[in-house]
Amino acid sequence: PGTLVIRPAVMGGVLGIVYRVIATHLIKKAGLTKKTARTGAVTLIQRFGSALNLNIHFHMLFLDGVYTDHYDGSNRFRWVKAPTSAELTHLAHTIGHRETRASNGLCRAIYNRVELVSASSAR
């Protein structure tokens, strides 16, 4: 089985990367910052494909904008245009790059742990 199956924390990390990249994109596109705006999403984690094969993937439904705090204490919703094809390509590349960096770090951590276990077993 894949790492996402046997290590739920890794799946959570991947989901966190995807969420942060898309949320940051929406906030910046609205002309705001992470300190002044927030967005949200609902995610369904699907573990199998249509042939019941192992195929972990996320179905994410994001708000089409961001919320900001209004001076009177209420929240205001600011709609954001749908991403262009170029923006979607950029988002996909950013997510891929960050997940590759994260998985390389995970591989190093697992390798180091295996080395430590092997070294202690050799004693």
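Mentor: What follows treats each pair in turn.

This is a predicted model, in which local features need pLDDT of at least 70 and side-chain atom pairs count only at pLDDT 80 or more, while totals for chains, interfaces and linings use all residues. Residues are numbered from 1 along each chain as its sequence is written, and side-chain values use heavy atoms, leaving out hydrogens and water.

The structure holds three salt bridges (a side-chain nitrogen of Lys or Arg within 4 Å of a carboxyl oxygen of Asp or Glu). One of them joins the side chains of Lys29 and Glu87, with 2.8 Å from N to O. This pair links distant parts of the chain, 58 residues apart, for Lys29 belongs to helix H2 and Glu87 to helix H3 (DSSP runs, H or I of at least four residues for helices and E of at least two for strands, numbered from the N terminus). Lys29 is partly exposed at 29% relative accessibility, and Glu87 is partly exposed at 22% (buried is under 20% relative accessible area, exposed over 50%, partly exposed in between, with a 1.4 Å probe and protein chains only).

Arg38 pairs with Asp69 in another salt bridge, where the closest N and O atoms are 3.2 Å apart. Arg38 is partly exposed, its relative accessible area being 37%, whereas Asp69, at 53%, is exposed.

A further salt bridge brings together the side chains of Asp72 and Arg76, at 3.9 Å from N to O. Asp72 has a relative accessible area of 47% and is partly exposed; Arg76 is partly exposed at 37%.
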